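Dear colleague,

I am handing over the structure below, and I would be glad if you could look through it before reading the notes that follow.

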Amino acid sequence: MSAMKDLTATNNLIDKGLLQTTELYEYLLETSVYPREAESLKELRALTSTHPRAFMGTTPDVGQLMALILKLINAKKTIEVGVFTGYSLLLTAITIPDDGKITAIDVNQTTYEIGLPIIEKTGVKHKINFIESKALPVLDQLLEDPENKGTFDFAFVDADKDNYKNYHERLLEFLKPGGVVIYDNTLWGGSVVTPEDLVPKSRLAMRNAVIEFNKYLAADARVQISQVPVGDGITICWRL
Ligand SMILES: C[S@@+](CC[C@H](N)C(=O)[O-])C[C@H]1O[C@@H](n2cnc3c(N)ncnc32)[C@H](O)[C@@H]1O
Ligand SMILES: O=c1cc(-c2ccc(O)cc2)oc2c(O)c(O)ccc12
């Protein structure tokens, strides 16, 4: 992608950054992230940029940290909840080994199909099992199979924030000790510190759910955690 196109992409991302200045976020992206971002991921970002809900796509700085963690733990068997057009899914698929597997769940197959041609062209489709459904019943069904219990290396959750606690309880059963689950949007646009009366009504329920979830994770002795102010805030949990 040309430098000009990268700048356009940056403009689409600046609302999501929690850094103090747009310039600093642009510096970080242009210095450390874009130069190392795979062409297929750039292409998927460009394709997604005209979608009315492009703001929901995982940002490349979050993706870069995810890829680092996937490599550090040698992740092979993973779960993703919340696929949208597939940025985090493609990133996971190109990062894990050729015989790795991703169970990817989203209520909306149409958005997954936007990115699917790029996933296919990149040659990583064989690693993906996409399931169109609400995530909770699928997770419960998968947990009925003893082969799924304690056998996953990694999970990424980027869906309905009011279910994060429910996802966490299930995902801890999927993860091996030493496995990692990452939750996206745990600073929810900074609104976790906005006084309740100033939060738009449409965002209040999710904001309150994120606040509750953050308290719940902080008290969960089953995981070691770090909340990182990258993108919209992520919380990395290492299963003890
Ligand atoms: C923020 S987007 C995911 C972004 C994605 N990780 C990426 O890299 O672009 C959230 C996704 O969660 C999905 N979603 C919302 N509620 C869900 C649920 N209950 N179960 C599964 N998926 C859900 C939406 O359809 C949407 O595609
Ligand atoms: O603005 C959003 C909204 C969501 C969202 C809302 C409701 C759902 O059931 C799922 C997702 O997710 C977002 C997101 O993950 C993001 O990174 C930015 C904005 C939003």
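To their contact, domain 1 brings 19 residues and domain 2 brings 23 residues, two residues being in contact if their C-beta atoms, placed from the backbone, lie within 7 Å. On the side of domain 1 that touches domain 2, helix H2 (22-33) and H3 each supply at least two residues, and H3 gives the most, with seven residues; helices here are DSSP runs (H or I, at least four residues), as strands are (E, at least two), numbered from the N terminus.

Pro 60

Pro 60 lies in helix H4 (residues 60-72) and is buried, with 25 other C-beta atoms within 10 Å; a residue counts as buried if 20 or more other C-beta atoms lie within 10 Å of its own, exposed if 12 or fewer, and partly exposed in between, with C-beta atoms placed from the backbone. Among the residues that Pro 60 touches, not counting those up to four places away in sequence, are Leu 29, Val 33 and Glu 37.

Conventions

Residues are numbered from 1 along each chain as its sequence is written, while chains are lettered from A and ligands numbered from 1 in the order in which they are written. Because the model is predicted, local features need pLDDT of at least 70 and side-chain atom pairs count only at pLDDT 80 or more, whereas totals for chains, interfaces and linings use all residues.

With best wishes
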